[in-house]
Amino acid sequence: MINIKSAAEIEAMKAAGRLSAKVLRKTGELVRPGISTLELDRFAENLIRMEGGIPAFLGYNGFPGSICASINNQIVHGIPSQNVILKEGDIISIDTGAIVDGWVGDNAATFAVGTISPESQRLLEVTEASMWAGIEAARPSGHLGDIGHAVQSTAEAAGFGVVREYVGHGVGHVMHEDPNVPNFGHKGRGLKLKAGMVIAIEPMINIGSYQTKGPLADGWTIVTADGSLSAHFERTIAITEAGPVIITAE
């Protein structure tokens with residue numbers, strides 16, 4: 001069931017969105033060679049709690065971290081660890097979520113660790129651009145396929161693969177609501193979009209094939225099937241008559 005939010009509910013969701021955005025930004029600022037992903041996780045959890053929120057990921061279906069920290073060929077759901085130390089040239093997707101007053105904010109970005117290759121930089125830029133293209137397509141009377149088509153066409157024009165198995169989703173009092181929001185599709189196809197829908201648009205884009213492998217032995221981490229690099233960007237947005245509104249904005 002799709003939960004349509006009122007204008008007041010959308011406004012109320014912005015507190016969780018602001019906190020999630022702040023945590024993502026500040027955690028990203030700590031990214032550097034030599035830091036562990038567990039240090040990033042502890043910082044994010046402490047900041048969420050200090051600001052009066054609850055980590056949305058911690059314990060979610062048993063997930064052991066407050067962030068997802070996915071490095072290089074890891075697409076999503078990387079588990080923070082003291083044994084995973086970032087090194088020069090890596091890229092890391094950090095996914096953060098916070099609950100404030102019962103509402104969830106969910107967002108992600110991929111960060112460069114020190115100096116990265118031109119190919120890696122282009123992957124980050126194209127993935128973020130594909131997210132914004134998808135957001136721009138999220139308008140009343142449009143269709144889910146419009147969002148997916150916008151993401152897919154942006155990424156594939158750059159020669160990259162668009163992950164199929166993992167998608168965006170509705171957001172509300174729980175982190176994953178209906179509908180699923182694929183990052184591929186055809187214009188004019190799929191569910192009709194309505195004002196009041198709140199969704200997370202989150203392209204996962206690979207330098208190589210779109211195919212995935214996993215979860216790995218940890219039960220969570222998803223990687224590219226061909227070992228190529230992957231990037232991930234995400235914002236929670238509300239669809240309104242005036243256009244898309246970013247919920248996860250500071």
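**View A. Asparagine 183 in its loop.** Asparagine 183 sits in the loop that links strand S8 (177-181) and S9; helices (H or I, at least four residues) and strands (E, at least two) are DSSP runs, numbered from the N terminus. This is a predicted model, where local features need pLDDT of at least 70 and side-chain atom pairs count only at pLDDT 80 or more, while totals for chains, interfaces and linings use all residues. Residues are numbered from 1 along each chain as its sequence is written, and side-chain values use heavy atoms, with hydrogens and water left out. Asparagine 183 counts as buried because its relative accessibility is 1%; buried means under 20% relative accessible area, exposed over 50%, and partly exposed in between (1.4 Å probe, protein chains only). Setting aside neighbours within four places in sequence, asparagine 183 is in contact with Gly148, Val151, Gln152, Val162, Tyr166, Val167, Glu202, Pro203 and Met204, contact being heavy atoms within 4.5 Å. The side chain of asparagine 183 also reaches the backbone oxygen of glutamate 202 at 3.2 Å. As for glycine 168, it is 15 residues from asparagine 183 in sequence, with 7.5 Å between the two C-alpha atoms.

View B. Histidine 169 belongs to strand S7 (residues 168-170). Is histidine 169 buried or exposed? Histidine 169 is buried, as its relative accessible area is 2%. Its side chain makes a polar contact of 3.2 Å with the side chain of aspartate 106. For the record, a polar contact is a pair of N or O atoms within 3.5 Å; within protein, one must be able to donate a hydrogen and the other to accept it, and residues adjacent in sequence count only if both atoms are side-chain atoms. A polar atom of the histidine 169 side chain also lies 3.0 Å from the backbone oxygen of methionine 175. Not counting residues up to four places away in sequence, histidine 169 touches a list of residues including His176, Glu177, Pro179, Asn180, Ile199, Glu202 and Glu234.

**View C. Strand S9 and its two partners.** S7 and S9 pair in the antiparallel sense over two bridges; two strands pair if DSSP finds at least two bridges between them. Glycine 170 has isoleucine 199 in S9 as its bridge partner. Four bridges join S9 to strand S14 (residues 235-240), and those two strands run antiparallel. Here the partner of isoleucine 199 is isoleucine 237 in S14. In a regular strand the side chains alternate between the two faces of the sheet. Strand S9 (residues 198-201) is covered on both faces, with Val198 and Ala200 buried on one side and Ile199 and Ile201 buried on the other.

View D. Three strands make an open sheet in the order S6-S10-S13, with antiparallel pairing. Its edge strands are S6 (161-162) and S13 (230-232), each pairing on one side only. Two bridges join S6 to strand S10 (residues 204-206), and glycine 161 stands opposite asparagine 206 in S10. Helix H3 (residues 118-136) lies across S10 and S13, at about 40° to S13; axes are lines fitted to C-alpha atoms, for helices over the stretch in contact, and angles run from 0 to 180 degrees between N-to-C directions. Among the buried residues of H3 are Leu123, Leu124, Val126, Met131 and Ile135.

**View E. Helix H2 against helix H1.** The axes of H1 and H2 come within 10 Å and cross at roughly 145°. The contact involves Leu19, Lys22, Val23, Lys26 and Thr27 of H1, with Leu40, Phe43, Ala44, Leu47 and Ile48 of H2. In H2, the buried residues include Thr37, Leu38, Asp41 and Glu45. Cover for the buried residues of H2 includes helix H1 (7-29), strand S1 (54-55), strand S2 (67-71) and strand S4 (91-100). After H2 comes glycine 52, whose phi is positive, near 90°.

**View F. The S3-S12-S11 sheet.** This open sheet has three strands in the order S3-S12-S11, and the pairing is antiparallel. S3 (74-76) and S11 (212-213) are the edge strands, each pairing on one side only. Two bridges join S3 to strand S12 (residues 222-224), where glutamine 74 has valine 223 as its bridge partner.
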